[in-house]
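User: Can you walk me through the packing in this one? I'd like the core and the aromatics.

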Amino acid sequence: MNFRTLGRSGLLVSEISYGNWITHGSQVEEDAAVACVNAALDAGITTFDTADVYAGTRAEAVLGRALKGQRREGLEIFTKVYWPAVPSGPDDSVTPGRNDRGLSRKHIMASIDGSLRRLQTDYVDLYQAHRFDYGTPLEETMEAFADVVRAGKAHYIGVSEWRAEELRAAHKLARELHIPLVSNQPQYSMLWRVIEAEVVPASEELGISQIVWSPIAQGVLTGKYLPGQPAPAGSRGSDEPEVISRFMSDEVLTAVQQLKPLAAEAGLTMAQLAVAWVLQNPNVASAIVGATRPEQVHDNVKAAGVKLEESLLKQIDEVLGGLVERDPARTQSPRDIRA
């Protein structure tokens, strides 16, 4: 495993981090989730990313149990706050309150305590704003984050899916408050490059790294989805088609199939090629991978430290061409989180 510093800080994170969105507490049973976490640890992954909203808080709880007994100083545990994250009962009948969302001081202070309890830890290494909150003054949000850091409940602050201008405004306040804002967590893959035009240049200037999610485009870049054919049973394309619908056109799937010989020539699986591709961007500190089986973890970690030739990168661009989404306006947060 290779390691990179997170932003302009001294915190080292593994190039491949393990995330449990749509897996722990929902898509896989706990025994399988624990097996995947153990596989990640065995492969040298030290960085684990989750969020209070994943699986109605269950993902945090599963990760906490899976990591229990590990040397805490040897791990980097990340979580997030923003969406309503009320623990769901057997009938999902619990209704969130009006303040159980967004980035108000009230919600941040309640959420960090809940996350620490579920994760069974005294602190998280990185506490992230899951989206930008247009209904709360940014000053209030950053002051609350500063208090979380000063209370020792988080060491660093990050954000997720924020625009360049939002990063600049938050960074200015973070400097004034003397707290380390070091990361942004956007979607990024060969097919989804919306951060390249504005977010990455601003982040490089500010000393902020990207921790990217969906580097394999929700599994599409593995090549397992074939044009004109139904998604394989048990896959995300079959069970949760709305999650990856933007990548499931026959045109995109046909182009992805053309990447297979390029991956083979480079001695990589399709998944390894996709993960290695995002790590070629020097502003990316870590690529988040998820798994439903331990062997997926072992496959993905082989992308760490891989250097792709410029000729290969050009071939990938030629294959995908105009199918790549590049519009920076696609980075967005809800305008009506309290509606």
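Analyst: We'll take the core, then the aromatic rings.

Analyst: This is a predicted model, where local features need pLDDT of at least 70, side-chain atom pairs count only at pLDDT 80 or more, and totals for chains, interfaces and linings use all residues. Residues are numbered from 1 along each chain as its sequence is written, and side-chain values use heavy atoms, leaving out hydrogens and water.

User: How many residues has the largest nonpolar core?

Analyst: It has 94 residues, and Phe-48 and Tyr-127 have the most contacts inside it. Such a core is a set of buried Ala, Val, Leu, Ile, Met, Phe, Trp, Tyr and Cys residues joined through side-chain atoms within 4.5 Å. Buried means under 20% relative accessible area (1.4 Å probe, protein chains only).

User: Which helix gives the most to this core?

Analyst: Helix H11, residues 270–279, with 9 residues. Helices are DSSP runs of H or I, at least four residues, numbered from the N terminus.

User: Switching topic. How many aromatic pairs are there?

Analyst: A search of the whole structure finds 7. Rings of Phe, Tyr and Trp (its six-membered ring) pair if their centres lie within 6.5 Å; planes under 30 degrees apart are stacked, over 60 edge-to-face, the rest tilted.

User: Why is the pair of Trp-192 and Phe-247 edge-to-face?

Analyst: Their planes are at 85 degrees, so the pair is edge-to-face; the ring centres are 6.4 Å apart.

User: Are those two buried or exposed?

Analyst: Trp-192 and Phe-247 are both buried.

User: What sits over the ring of Trp-192?

Analyst: The charged end of Arg-246, 4.5 Å from the ring centre. The criterion is NZ of Lys or CZ of Arg within 6 Å of the ring centre and within 35 degrees of the ring normal.

How values were computed
Buried < 20%, exposed > 50% of the residue type's maximum accessible area, 1.4 Å probe, protein only. Helix = DSSP H or I, 4+ residues; strand = E, 2+ residues; numbered from the N terminus.
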